[in-house]
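Here are a few friendly notes to read alongside the model. Please keep the view open as you go through the points.

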Amino acid sequence: MALFLFLVLVAVALGIIGAVVEGLLYILVIGAIVFVCALTYAALRFRRGGHRRR
């Protein structure tokens with residue numbers, strides 16, 4: 001869960017920087033890609049039931 005929250009936080013930060021700073025639209029795109037990866041990670045993790053491996 002910590003990794004998911006970290007990825008979402010990074011995606012939001014990159015999105016804000018990409019939207020605010022002129023000429024850095026590619027950072028906004030990278031932020032969107034990181035956000036989609038975080039959602040995919042969460043979906044796969046919750047689909048399996050979140051069991052921890054030992």
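**Notes on the fold and its first helix**

1. Of the 54 residues in the protein chain, 19% count as buried (buried is under 20% relative accessible area, exposed over 50%, partly exposed in between, with a 1.4 Å probe and protein chains only). This is a predicted model, where local features need pLDDT of at least 70 and side-chain atom pairs count only at pLDDT 80 or more, while totals for chains, interfaces and linings use all residues. Residues are numbered from 1 along each chain as its sequence is written, and side-chain values use heavy atoms, leaving out hydrogens and water.

2. The protein chain has two helices and zero strands (DSSP runs, H or I of at least four residues for helices and E of at least two for strands, numbered from the N terminus).

3. The 19 residues of H1 should span 27 Å at 1.5 Å a residue, and its end C-alpha atoms are 27 Å apart, which agrees (the expected span is 1.5 Å times one less than the number of residues).

4. Which residues of H1 are buried? They are Phe4, Val8, Ala11, Gly15 and Gly18. They cover an arc of only 100 degrees around the axis, which puts them on the same side of H1 (the arc is that of the directions from the helix axis to the C-beta atoms). An α-helix has 3.6 residues a turn, so residues three or four places apart point the same way.

5. The buried residues of H1 pack against helix H2 (25–47), contact meaning heavy atoms within 4.5 Å. The face turned away from the buried side of H1 carries the exposed residues Ala2, Leu5, Leu9, Ile16 and Val20.

6. Ile17 sits in helix H1 (residues 2–20) and is partly exposed, with a relative accessible area of 41%.
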